[in-house]
Amino acid sequence: MEEKGQPPGSGTDNPYTQYYVVKKGDTLSKIAKDYYGDAQLYAQIFEANRDVLKDPNKIQVGQKLRIP
Amino acid sequence: MYAKSLYSLVILAFVALFASACSHYKEQAQAAIAQAETALEAISVDAQKYLPQKYQEVEDAITAAKASLDKGDAKDALAAAKDLPAQVAALGTEVAAAKQQAIATLTDSWNSLSADLPKMVEAIQSRVDTLSKSKKLPKGLDQASFDAAKSGLDEIKGLWSAAEQSFNSGNIEDAVAKANAVQQKGTEVMGLLGMKSAPAA
């Protein structure tokens, strides 16, 4: 589980926003499980990234996702 | 007989002149010391806070002048005392500048902290809210740590509210101290939650 600081051009001015860079084999459920202990909370991550995600099942390697 | 009387009169005149001069020196020294003491008293709180070393130097100079006066050496006392009012006035100017600088520094700190800390609180709140919905805590976060994070968040919110109150009531020094406490506690809570603190600017 790797949290990152705010990337440039992220569209938010909160320097405390937590980010995760998608790796090969990741899913929102897996990320939610890692961060929250509950895969069902993937929707929280999806909602926080609606500006870059159209479908919760489609994330791309290298994408920087906000982790609320 | 006449010459002897004249001689005595001259001696007496010199003694009287000397006594008069001494008395004059003493009065001038006393006046300078009193003026310096009154002026120093007026700036003592800020002077001891912002320039304690210089305050002590001036206070020591006043004490030395008073000691000369007490010893009866009016000329020395005047020499030691005559510049005291000017020294105190110069100290007052320096203290005012130091105070202004300190307030400017505190204001900068407050502006930075007050822009930053609500975002920290928001990020922590968001994570706590999400974790509160979880059926099971993530690896690396046990219930005790999560509970500590939640109570830490409550503490942060209380401290931040108090900091804002201090600022609004004009006590910027206390406001900055409380804001720094918020930042320290917030960093600790973020650590408990496995969150990374914002990188330093």
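Which residues of the largest nonpolar core touch the most other members? In this predicted model, where local features need pLDDT of at least 70, side-chain atom pairs count only at pLDDT 80 or more, and totals for chains, interfaces and linings use all residues, they are L28(A), I31(A), Y36(A), W110(B), I124(B) and L193(B), out of 42 residues in that core. Residues are numbered from 1 along each chain as its sequence is written, chains are lettered from A in the order in which they are written, and side-chain values use heavy atoms, with hydrogens and water left out.

A nonpolar core here is a set of buried Ala, Val, Leu, Ile, Met, Phe, Trp, Tyr and Cys residues joined through side-chain atoms within 4.5 Å, where buried means under 20% relative accessible area, exposed over 50% and partly exposed in between, with a 1.4 Å probe and protein chains only. At least two residues of the core come from each of α1 (28–36), α2 (42–48) and β2 (64–67) of chain A and from each of α4, α5 (143–168) and α6 of chain B, helices (H or I, at least four residues) and strands (E, at least two) being DSSP runs numbered from the N terminus. The largest share, 9 residues, is supplied by α4(B).

The two chains also meet at an interface, in which 22 residues of chain B are in contact (heavy atoms within 4.5 Å) with 18 residues of chain A. Chain B and chain A bury about 1,800 Å² between them, 52% of it on carbon and sulfur atoms; buried area is the accessible area (1.4 Å probe) that two parts lose on being put together, summed over both. K119(B), R127(B) and T130(B) supply 30% of the area that chain B buries against chain A, more than any other three residues.

Between chain B and chain A the count is 0 salt bridges, a salt bridge being a side-chain nitrogen of Lys or Arg within 4 Å of a carboxyl oxygen of Asp or Glu, although the count over all chains comes to 13. One of these joins the side chains of R66(A) and D51(A) at 2.8 Å, N to O; because R66(A) lies in strand β2 of chain A and D51(A) in the loop between α2 and β2, the pair ties together parts that are 15 residues apart in sequence. R66(A) is buried, at 17% relative accessible area, whereas D51(A) is partly exposed, at 49%.

In chain B, K49(B) and E173(B) form a salt bridge of 2.7 Å, N to O. K49(B) lies in helix α1 (residues 2–50) and E173(B) in helix α6, so this pair ties together parts that are 124 residues apart in sequence.
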